[in-house]
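This briefing is intended for a reader who is meeting the structure for the first time. Please keep the sequence and the model at hand while reading.

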Amino acid sequence: MYLTREEERILDGERGWAEQICMQILAKLGDLFGANQLIPIASAHISGVSYKTLGDAPIEFLKALTENNAKAKVNATLNPSSIGQMLFQNKFPKKFHARQKTILELFQKMHVKPVLTCTPYYIEKPALNAHLAWAESSAAIYANSVLKAWTNREGSPSALAAAIIGKTPDYGFHQAENRKATTLVKIEAKLRSEADYGALGILVGKKLQSGIPFFQGLKPLENDCLKQLGAALASTGNINMFHYGQMPKEEIEKMVITQKELEQTAKNLSTAGSETKPDLVFIGCPHCSLNEIKQIAQILNGQTINDSIRLWICTSRHIKQRAAPYIEAIQKTGASIITDTCAVVTWTHILGINTIMTNSAKTAYYAPTLNKAQTIFAPLEECLKTALQP
Amino acid sequence: MSIITLKGRVIVAGNCKGKALVTDKPITFLGGVNPKTGTLVERGHDLYGQKITDKILCFPHGHGSTVGSYVIYALKKHGLAPRAMITENADTVVTVGAIIAEIPMLDQVDIKQIKTGDIVEIRTVDDSALVKVLREKSQCI
């Protein structure tokens, strides 16, 4: 890979160990994946924040970077942490709170913004065709497919290295020829809700494993549905982009999705028995948009939720602030608006949660292993009605 | 004593010698290796319960969360890291881990030729590596 004189100097350590090690990461990954150069990025989004999923592993490396004065050169943001604002005070062992705080402080020292959301695009939408280095698979696929920005599905360390250097190796989804659809997916099933879009993603991700699907006949009602589709595709497949709209010109392999398959997939995403009542109804994976918050307020319509069920609405602080009137209406029903975290990356079992009902296919897919919880997968309206039932 | 010489590509340079620990299964570092003991703790893995510390760890590639790179770094800081890592295909997790922990790493090596307990010597020159595998005769029969 070609490096500029400036980049060579960083690689030689002229600007200190932190930038040197970050440049080594980018240069080596670039070599491995056939990049010819590094390209500037508009932003970096860094995963690997929650103490629940990380444990102590990253603390020492992050500490070494901060001690060597590492600072992000571009707009850099953080994924959700394990502990939410307000609701979680003193709910977990002291050590968990302390370690999570340490991780956040280390990132902040590097000027990485603790937005603690998996939907950084609601805070600042990337420009069309902007090059990014985003980790968090649901955000990367949304950026490529819906926002038409360009990013590989970064890992936690490579996104951090890109933030500190302000560049990323030019390979994969940064090159137009690698962004073309590889499989035409004909949907012979009805997509009635955001949950159906999620189930479609789980199914196609599993069947395709990798590649770039083009969804024929997909009429995206709301970007929120596409958010569910992408998050699910990236959960079961090594898939970082999908297409819809204008048919591809080239002849590509075809796949058909039937109503029966889709229904079976949705059914399998519920692991709890049909009689089981949820301890938690969880909406907000990925974090809720302003539109979703508004929809939730409208469906709840001032009614009071059943006090034996918890209803969590997870979003970013940014959306919470922008949606203030709806937030207030939702809170009056007894629901909790939770920022900075979500059900998947916190310790739900410590909070006594054994059954999670959700409209998110991604959560339904991961919760049995990551939360050791049973799942009930249903569309938003059904989830909220369950929480309202006396 | 038999000697086999294998070729490979250098991911992180460094010359060293040590005892091989070999598996044909990918290794998941986050959750699969305890950074405080250097032990492989993934259930059902054929190296389950084995210490990777100071070994020439030979495996096809890494697997799982990218945070696994930080586990490799933590192993090194605790003095529990493998002496070198030899893989078939370099993946992002192990590559980044080897870079930040400064552990010699190779890929494109035919690891099927190496057996646990072999003495392995790695010599790297620029991008290419030579791996000398020394085995007691009795093991070959």
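The points below cover the interface between the chains, the pairing of strands, and some backbone details.

The structure is a predicted model. Chain A and chain B bury about 1800 Å² between them, and one salt bridge is found across their interface. Within chain A, two strands and a helix make a right-handed β-α-β unit, while in chain B strand 1 runs antiparallel to strand 11.

**The interface of chain A and chain B**

- On each side the contact is made by a stated number of residues: 21 of chain A are in contact with 21 of chain B.
- Carbon and sulfur atoms account for 70% of the roughly 1800 Å² that the two chains bury between them.
- Three residues, Lys28(A), Leu32(A) and Glu60(A), together provide 28% of the area that chain A buries against chain B, more than any other three residues.
- The salt bridge joins Lys36(B) to Asp56(A), and its closest N and O atoms are 3.2 Å apart.
- Five residue pairs are in polar contact between chain A and chain B, counting pairs in which both residues are at pLDDT 80 or more.
- Four helices of chain A each supply at least two residues of the side that touches chain B: helix 2 (17-32), helix 3 (51-54), helix 4 (59-67) and helix 7 (156-165).
- Helix 2 of chain A gives the largest share of that side, with seven residues.

**Strand pairing in chain A**

- Strand 4 (residues 131-134) and strand 5 (residues 150-153) of chain A are paired in the parallel sense, with four bridges between them.
- Within this pair, Trp134(A) has Arg153(A) of strand 5 opposite.
- Helix 6 (residues 137-145) of chain A, together with strand 4 and strand 5 of chain A, makes the right-handed β-α-β unit.

**Strand pairing in chain B**

- Strand 1 (residues 2-12) of chain B is joined by eight bridges to strand 11 (residues 128-135) of chain B, and the two run antiparallel.
- In that pairing, Ile4(B) lies opposite Val133(B) of strand 11.
- Strand 1 of chain B also pairs with strand 9 (residues 105-107) of chain B, in the antiparallel sense and over three bridges.
- Val12(B) has Met105(B), in strand 9 of chain B, as its bridge partner.

**Backbone details in chain A**

- As background, most residues other than glycine have a negative phi, and most peptide bonds are trans.
- The peptide bond from Cys285(A) to Pro286(A) is cis, with omega near -15°.
- Pro286(A) is placed in the loop between strand 11 (280-283) and helix 11 (290-300) of chain A.
- His111(A), a residue other than glycine, has a positive phi near 65°, and it is found in the loop between helix 5 (94-109) and strand 4 of chain A.
- Asn301(A) is not a glycine either, yet its phi is positive at about 45°; this residue is found in the loop between helix 11 and strand 12 (310-315) of chain A.

How values were computed: Residues are numbered from 1 along each chain as its sequence is written. Chains are lettered from A and ligands numbered from 1 in the order in which they are written. This is a predicted model: local features need pLDDT of at least 70, side-chain atom pairs count only at pLDDT 80 or more; totals for chains, interfaces and linings use all residues. Side-chain values use heavy atoms; hydrogens and water are left out. Contact means heavy atoms within 4.5 Å. Buried area is the accessible area (1.4 Å probe) that two parts lose on being put together, summed over both. A salt bridge is a side-chain nitrogen of Lys or Arg within 4 Å of a carboxyl oxygen of Asp or Glu. A polar contact is a pair of N or O atoms within 3.5 Å; within protein, one must be able to donate a hydrogen and the other to accept it, and residues adjacent in sequence count only if both atoms are side-chain atoms. Two strands pair if DSSP finds at least two bridges between them. A crossover is right-handed if, with the strands pointing away from the viewer, the path from the first strand over the helix to the second runs clockwise.
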